[in-house]
Amino acid sequence: MTNSIDKFKGLGVAVVTPFTVDGKVDFSNLEKLVENLIQNKVDYLLALGTTSEYPTMSKAERQDIVRCITSVNAGRLPILMGLGGPNTQSILDRIKDADKLPVDAILSVTPYYNKPSQLGLIEHYKAVAKCSPLPVILYNVPGRTSCNMQAETTIRIAESNPNVIGVKEASGNVKQILYLLNHKPKDFLVISGDDLITLPLMAAGMDGLISVLANAYPAETANMVHLAMNDQFIKARLYHDKLFDISQACFKEGNPCGIKAILAAQGKIKNVLRLPLVPVSDTLSNEIHKLVQL
């Protein structure tokens, strides 16, 4: 699995889904966003992550978005595809077709809503790993799922399932993340899922970032991550500091509401979301416009 692991070190970007003013997928601007990410030296792309608003999409729209991203990419970067949910059997039914798509691995979030136990998570991922034709990266984001996958659970899953190659850790629990970094298997990725605290966590040994903010600031985020990977933390901190205020604004009223406001302020997309999400408040929108102009 070494090659699979190397593909997902560095900067990944959870690609936003632009919509037209009448709420349809804006494939033209999606193509431009993806090309801009590639040109600005990100390391891989995440299709159908949380940032994409995939829960609001039909099956056909999801398939079309993956096709669009992979078509523009044309094999230049590795592609990670989000595939998770609260129903294990439903994931197994969908995951069997994953190798028919030009993607390199699956990102599978912990089951949400039904709040499984740690043993339930172990059995869930055991089933997913056994069924998946592609490498699997776990995704722990308790702020969205109401289910925290403890470090010991992640380690147990990693040790028992060879095609589980890493975890996107977005718990924000630094103590938990440090334990994981110190006790994980050697060839197991721990990837930040939080733009704001990535730099200090990379100093502790994280393997990179799956970023939201990089949709709007790919070059700056890539520079920060790549410098950190080379232990050039003083230089990396310059980019961290430059992005700090806009990163805070990005998440004040939730994701992807903030990043869509930023991209709209940059003139890259329309500021359109699908219900139950709505655009950020006028107050935050004004703040974002001022920060974008700096």
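A cavity here is a set of points, on a 1 Å grid over the protein atoms alone, where a 1.4 Å probe fits but cannot get out. Its volume is the space filled by probe spheres set on those points, with grid points joined across faces, edges and corners. By that rule, the largest cavity holds about 80 Å³ of space.

This is a predicted model, so local features need pLDDT of at least 70 and side-chain atom pairs count only at pLDDT 80 or more, while totals for chains, interfaces and linings use all residues. Residues are numbered from 1 along each chain as its sequence is written, and side-chain values use heavy atoms, with hydrogens and water left out.

**The cavity**

- The count comes to one cavity of 30 Å³ or more.
- D195, L196, L209, L213, T221, M224, Y239, H240, L243, F244 and S247 form the lining, where a lining residue has an atom within 4 Å of a point.
- α10 (218–229) and α11 (233–251) each put at least two residues into that lining; helices are DSSP runs (H or I, at least four residues) numbered from the N terminus.
- The largest share, five residues, comes from α11.
- Sorted by class, the lining has seven nonpolar, three polar and one charged residues. Nonpolar covers Ala, Val, Leu, Ile, Met, Phe, Trp, Tyr, Cys and Pro, charged covers Asp, Glu, Lys and Arg, and the others, Gly among them, are polar.

**α4 against α5**

- Helix α4 (residues 88–95) packs on helix α5 (residues 118–131) at about 15 degrees, with the axes 9 Å apart. Axes are lines fitted to C-alpha atoms over the stretch in contact, and angles run from 0 to 180 degrees between N-to-C directions.
- That makes α4 roughly parallel to α5 (under 35 degrees; over 145 is roughly antiparallel, 65 to 115 roughly perpendicular and the rest oblique).
- Their crossing is right-handed, meaning the near helix is turned clockwise from the far one by less than a right angle.
- T88, I91, L92 and I95 of α4 touch H124, A127, V128 and C131 of α5, with contact meaning heavy atoms within 4.5 Å.
- Those contact residues split into six nonpolar, two polar and no charged.

**α12 against α13**

- Helix α12 (residues 257–265) and helix α13 (residues 282–292) meet at about 50 degrees, their axes 9 Å apart.
- The pair is therefore oblique, and α12 passes α13 in a right-handed crossing.

Terms used:
1 Å grid on protein atoms, 1.4 Å probe; cavity = no way out; pocket = protein on both sides within 12 Å on 5 of 7 lines; lining within 4 Å.
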